[in-house]
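Good morning, and thank you for joining this meeting. Please look at the model on the screen while I go through its parts.

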Amino acid sequence: MTNLSTYAAMAVCTTVAGLVLTGCGSESGSAGTPQSTTPPPTLPTVTQSTPVGTGLPLTVSRTGGFAGFDDHVQVGPDGVATVTKRGKETIRCKLDPSLLASITTAAQQVDWASVTATKLTTKHPDDMIVAVSANGKTARIEDPNLKPLAAPVNKLLTEAAVPPGKLCKQL
């Protein structure tokens, strides 16, 4: 029993000695150690309301519907679009600068941090799904967070996804 109390007393003494020695380090005002006048670096913070990424590259898909769509358009930051349609060859084209600008501006207005990635499932027979994928997330165009993209995506699918056309010149 005395061995146990001896070990306990030694542990307490060792702990107290460690705490006392910890306080014996150099103070900010001690001589001999130059103090830095450079403030510590600050890191940017990301909150849920901070947009993450610009949205480009961006992929738009249109699937299903009565016509059985299966269209995919991938838009790169350089304005080059890769268009695939069911039963047709994949085409690369350069988007018209005005269309690219409207897509880029709309994608920058989306708060990508708040977009909830959704599984694209049909809601009813002949449901046409128009979806946007960017920054690792995919959501239907009806998602309220994607509202800024609705008009540019519609224009992309109706006027540019049929190259060669006036809004997408084939490369």
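This is a predicted model: local features need pLDDT of at least 70, side-chain atom pairs count only at pLDDT 80 or more; totals for chains, interfaces and linings use all residues.

Ser61 is found in strand β1, where strands (E, at least two residues) and helices (H or I, at least four) are DSSP runs numbered from the N terminus. Ser61 counts as buried because its relative accessible area is 12%; buried means under 20%, exposed over 50% and partly exposed in between, with a 1.4 Å probe and protein chains only. Leaving aside neighbours within four places in sequence, Ser61 is in contact with Asp71, His72, Ile129, Val130 and Ala131, contact being heavy atoms within 4.5 Å.

Residues are numbered from 1 along each chain as its sequence is written, and side-chain values use heavy atoms, with hydrogens and water left out.

Is Ala131 buried or exposed? Ala131 is buried, because its relative accessibility is 1%. Not counting residues up to four places away in sequence, Ala131 touches Thr59, Val60, Ser61, Leu120, Thr138, Ala139, Arg140 and Ile141. The C-alpha atoms of Ala131 and His72 are separated by 9.5 Å, and these two residues are 59 apart along the chain.

Let me turn to the overall arrangement. The protein has 3 helices and 7 strands, following the pattern α-β-β-β-β-α-β-β-α-β along the sequence. Of its 171 residues, 29% are buried. Among contacts between residues at least 6 apart in sequence, 51% join residues at least 24 apart.

Leu149 is in contact with Leu58, Ile103, Ala106, Ala107, Val110, Trp112, Val132 and Ile141, leaving aside neighbours within four places in sequence.

In α3, the residues Pro152, Val153, Leu156, Leu157 and Ala160 are buried. They lie on the same side of α3 because they cover an arc of only 130° around the axis, the arc being that of the directions from the helix axis to the C-beta atoms. The buried residues of α3 pack against β1, β2, β4, α2, β5 and β7 (168-170).

Now the covalent link. A search of the whole structure finds 1 disulfide, counted as a pair of cysteine sulfur atoms within 2.5 Å. The disulfide joins Cys93 to Cys168, with an S to S distance of 1.7 Å. This pair links distant parts of the chain, with Cys93 in strand β4 and Cys168 in strand β7, 75 residues apart. The link of Cys93 and Cys168 is right-handed, with 80° about the S-S bond. Cys93 counts as buried because its relative accessibility is 0%, and Cys168 is buried because its relative accessibility is 0%.

Finally, Arg62 lies over the face of Phe69, at 4.3 Å from the ring centre. The criterion is NZ of Lys or CZ of Arg within 6 Å of the ring centre and within 35 degrees of the ring normal.
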